[in-house]
Amino acid sequence: SVKLARRVTNIRVSPSTAAAQKARDLKAAGRNIVDLTVGEPDFDTPDSIKNVAIEAIRDGDTKYTPVNGTVALRKAIQQDYATRLGIECALDTICVGGGAKQILFLALTATVEKGDEVIIPAPYWVSYPDMVVANGGTPVILRCGEDTGFKLTPQALADAITPATRWVVLNSPSNPTGVAYTAEELKALGEVLGRHPHVLVLCDEIYDRIWYADFPACSIVSVVPELADRALVVNGVSKSYAMTGWRIGYGAGPKDLIDAINKLQSQSSSCPSSISQAAAAAALTGDQATVTETVEVYRERCERAWERLNAIEGLSCVKPDGAFYLYPNCSGVIGKTTPEGKKIESDLDFVIYLLESAGVATIHGAAYGLEPYFRLSTATSKEILEEGCDRIERACKALR
Ligand code: PLP
């Protein structure tokens with residue numbers, strides 16, 4: 001067998017990918033499964049965007065691009081950050097990569113040394129801790145429970161910072177909870193960071209167009225502009241424009257960090273796909289009506305599922321500000337017994353029960369660093385969501 005490097009053996013395959021695979025396997029075996037694991041839009045990429053990509057192919061826009069992305073796409077990003085977030089950045093402080101995931105990974109590769117700490121509020125997107133470990137760093141997981149709306153408080157941040165802290169991760173709206181930080185909350189976190197100039201801020205705002213809250217989406221850099229020289233503001237087209245397979249994400253930040261990310265990219269992937277970049281530029285600069293329409297659909301589905309889950313005895317769910325996930329608390333079913341006589345001792349037991357006895361696939365909260373919860377995606381049709389909620393309701397009622 002091949003002897004693998006510790007940086008690989010120390011990390012896991014994404015639990016959400018594993019759960020989605022299990023649901024697909026059961027379906028393939030003929031089981032009727034309602035799959036609520038998948039964290040990607042169920043819409044197709046809009047035709048106007050696809051057409052730009054087809055034209056790009058026809059026009060011969062099929063070669064290597066600059067390592068940091070085409071000027072057209074970086075201008076589109078620059079314009080978007082300025083108009084939506086009030087963040088002004090120069091074209092050479094923006095980098096484009098193969099998805100937000102790649103930008104986040106390269107940012108850590110560029111900065112994290114062995115023993116460096118990265119503060120990750122939990123519940124977190126499953127990839128952050130493993131990305132830190134893969135780059136030799138130490139994830140410092142901060143439990144952010146429902147009592148603080150699943151959010152990092154200034155006090156918790158201040159208490160967690162050490163001389164070894166390199167980054168703090170802020171994901172707003174969050175996967176898995178959907179909660180987002182308000183301008184006031186970001187300002188208060190910014191004040192703490194003001195006292196610790198060695199800490200960088202990794203802002204993952206990939207869901208910030210899928211927004212339901214009655215306060216506006218904002219970035220910590222919008223409210224604390226002094227942080228611009230140590231924050232990386234990451235976004236992408238995957239979620240907002242139903243373009244997960246096109247693999248385009250980007251970041252804006254201090255020039256030395258962006259240069260380092262570009263250097264790594266120049267020696268790994270060279271550049272993201274020229275065709276996808278043309279499509280992404282069209283997505284950002286084109287008519288945003290489709291985004292507005294799809295967000296309305298996401299909002300309706302999310303509200304409906306949220307109401308239904310909250311009506312189920314044993315479950316309770318915080319209302320999301322954005323994104324397309326729900327993260328219900330299932331402490332009310334822990335300790336109960338299934339009709340088959342098995343005791344539910346953890347959120348993993350509950351999720352397995354839902355899958356095996358009710359045919360609903362979700363992901364257990366422990367995978368996101370906070371128990372006992374489970375995550376379900378609302379990026380699926382109303383009918384499937386209703387059926388999923390019916391099944392969860394029946395399964396919960398059957399517990400003793
Ligand atoms: N950040 C968060 C919080 C996500 O949930 C995801 C995708 O699931 C990503 C980043 C990655 O997005 P991309 O497709 O741009 O790599």
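Author: For residue classes, Ala, Val, Leu, Ile, Met, Phe, Trp, Tyr, Cys and Pro count as nonpolar, Asp, Glu, Lys and Arg as charged, and the others, Gly among them, as polar. On that scheme, the shell around the ligand has three nonpolar, eight polar and two charged residues. The model is predicted: local features need pLDDT of at least 70 and side-chain atom pairs pLDDT 80 or more, while totals for chains, interfaces and linings use all residues. Residues are numbered from 1 along each chain as its sequence is written.

Reader: What makes a residue part of the group that surrounds the ligand, and which are the closest?

Author: A residue is near a molecule if its C-beta atom, placed from the backbone, lies within 6 Å of it. In this model 13 residues surround the ligand, and the closest are Gly-99, Ala-100, Lys-101, Gly-236 and Ser-238.

Reader: Why is Asp-229 called partly exposed?

Author: A residue is buried if 20 or more other C-beta atoms lie within 10 Å of its own, exposed if 12 or fewer, and partly exposed in between. Asp-229 has 15 C-beta neighbours inside 10 Å, and therefore counts as partly exposed. Asp-229 sits in the loop between helix H9 (220–223) and strand E7 (231–236). Across the chain, buried residues make up 50% of the 400 residues.

Reader: What makes E3 and E4 a pair of strands?

Author: Strands are DSSP runs of E of at least two residues, helices are runs of H or I of at least four, and both are numbered from the N terminus. Two strands pair if DSSP finds at least two bridges between them. Six bridges join strand E3 (residues 117–122) to strand E4 (residues 138–143), which run parallel, and Ile-119 stands opposite Val-140 in E4.

Reader: What handedness does the unit of E3, helix H6 and E4 have?

Author: E3, helix H6 (residues 127–134) and E4 make a right-handed β-α-β unit. The term requires that, with the strands pointing away from the viewer, the path from the first strand over the helix to the second runs clockwise.

Reader: How do you know that the chain is as compact as a globular protein of its length?

Author: The chain has 14 helices and twelve strands. Its radius of gyration is 21 Å, close to the 21 Å that the globule rule gives for 400 residues, so the chain is as compact as a globular protein of that length. The radius is taken over C-alpha atoms, and the rule is 2.2 Å times the number of residues to the power 0.38.
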